Structures are given as C-alpha cells and as structure tokens.
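Here's a quick tour of one model, with an eye on its aromatic rings and its strands. Have the structure open as you read.

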Amino acid sequence: MLRFLLKWLGFSFNSKETEEDLMKKFLIVGLGNIGLEYKNTRHNIGFKVLDHLVESEDLKFETQKLGDIATYKFKGRTFILLKPSTYMNLSGKALKYWMTKEKVPLENILVITDDLNIPFGTIRVKTKGSDGGHNGLKDIQDKLNTTKYNRFRFGISNSFSKGKQVNYVLGEWSEEENAALSERLDKSIEVIKSFGTAGVSNTMNTFNGK
C-alpha cells in the first residue's frame, strides 16, 4: 500500500527496495541559515543539533543539492540528516527535494526547529501544528501542503524586550545557555534515535517537557 501511494506521488523505485526498507529510512531536517554569522544563533539550533550528532558519531556532511547531507546508521535504521542551504525561508524546497529523492514517507520526517514559546532547552515533539509564525515551518507547510508532519521544537524561551524578537532569535546564545547546551544537545540526539526506533508516540511520551 505504501509503495502504491508513493508511486502515485511521483516516486520512482529501485527494484531492490522493499516497503520494509522504506519504512526504515528517516529524513531528519535541521532548520537554520547558512553562513558563519548565523552559526551560533538561537535560530540555528536545528543545524547545531545535527552538527552535534555528526561530530559524536564521527561522520561528515557533504554539500549536495539544496543542502548538506550526512547518513547515520543506527539499529537497522538509516537516518538522512539534512541541513538546507536555501536559508530558512525556503526550507521546504530542500525538504521536499530530499524527501522525493530518497523516497522517505511523510511520517518518517522530523523537522528540528527553535521555539520561542517554550523555556530554553525544553523539548517538545509534535505530529502536527501551525507554523507559529516561523518562516521555515511556513515554507515546509506550503511545500508539503499539510500541517501534519513531525517536528521537534527546541525551546529558546522568550527572554527579550518588546520589539527585540528578531535580534533575540538571530542573536547568539548567552554564557548561561552555552553552558547548558552540551547536555541538551546530547538529549536531542536521544530524541532523534528514539524517533527512528521507538516511534513518534513513544518519543513524545518519553521526552516532551524534559
């Protein structure tokens, strides 16, 4: 049934690929902006989480079409890690391209993004929702034509004064936040592994609010 639906959506198949193979493939998309000036900003937490995973597992990103790609194998699953090079506002373009190229089912996609509405470092995994004014999520919603896709929201808090939201989001982490980030990034890797091995529902039950 999955193969039929994917063919209907325009996916092509290698004859050796089975439905079971496809269900063991995951696309993990970390949102951020390219360029050194954005590297350590709160808005780039999606990139930072994937960088941490790649460094922890001694992997490497390769620059490919519309983004940097790394492949991580864990417990029989294949995680395709994507950092879009389209800038935040066109994140959906890169996601849709790699989703189609790798034939990843929609339910096996996880988008990592910053969230102003939850405390710093707090984790919230959701299976659907609005874009919440986030331009990266807005473009993904537009390209997928649905709000029903998995997202991993990493809290950056809303500790900014009126009119300073853009400066805060595009600002660098405070010393206190930097000191706490390492443990939070380790926890984020656990979320990704759990998503691929235990499923999104179990992952939400285990990590949300932690």
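## Phe26 and its surroundings

Phe26 touches Arg77, Thr78, Phe79, Ile80, Val104, Asn108, Phe195 and Gly196, leaving aside residues up to four places away in sequence. Keep in mind that this is a predicted model. Phe26 belongs to strand 1, which covers residues 25–30. Its relative accessible area is 5%, so Phe26 counts as buried. Phe26 and Ile109 sit 83 residues apart in sequence, but their C-alpha atoms are 5.9 Å apart in space.

## Rings that pair up

The structure holds nine aromatic pairs. In one of them, Phe26 and Phe195 have ring centres 5.8 Å apart and planes at 70 degrees, so the pair is edge-to-face. Phe26 in strand 1 and Phe195 in helix 7 (residues 175–197) are 169 residues apart, so this pair links distant parts of the chain. Both Phe26 and Phe195 are buried.

Phe120 and Trp173 also make an edge-to-face pair, with 5.7 Å between the centres and 65 degrees between the planes. Phe120 is in the loop between strand 5 and strand 6, while Trp173 is in the loop between helix 6 (165–169) and helix 7, so the pair ties together parts 53 residues apart in sequence. What about burial here? Phe120, at 24% relative accessibility, is partly exposed, whereas Trp173, at 6%, is buried.

Which residues do ring pairs link into a cluster? They are Phe26, Tyr72, Phe74, Phe79 and Phe195.

| Charged residue | Ring | Distance to ring centre |
|---|---|---|
| Arg42 | Tyr168 | 4.0 Å |
| Lys83 | Phe47 | 5.4 Å |

Why is strand 7 (residues 150–155) described as largely enclosed by the rest of the structure? Six of its six residues are buried, and that is why it gets this description. Asn150, Phe152 and Phe154 point one way from the strand, Arg151, Arg153 and Gly155 point the other way, and all are buried.

Strand 7 has partners too. With strand 5 (residues 109–115), it pairs in the parallel sense over six bridges, and Thr113 stands opposite Arg153. Strand 6 (residues 123–126) runs antiparallel to strand 7, joined to it by four bridges. Here Lys126 has Arg151 as its bridge partner.

Terms used
Residues numbered from 1 in each chain as written. Predicted model: local features only at pLDDT ≥ 70, side-chain atom pairs only at ≥ 80, totals over all residues. Heavy atoms only, no water. Helix = DSSP H or I, 4+ residues; strand = E, 2+ residues; numbered from the N terminus. Buried < 20%, exposed > 50% of the residue type's maximum accessible area, 1.4 Å probe, protein only. Contact = heavy atoms within 4.5 Å. Pairing = 2+ DSSP bridges. Phe/Tyr/Trp six-rings, centres within 6.5 Å; stacked < 30°, edge-to-face > 60°. Lys NZ or Arg CZ within 6 Å of the ring centre and 35° of its normal.
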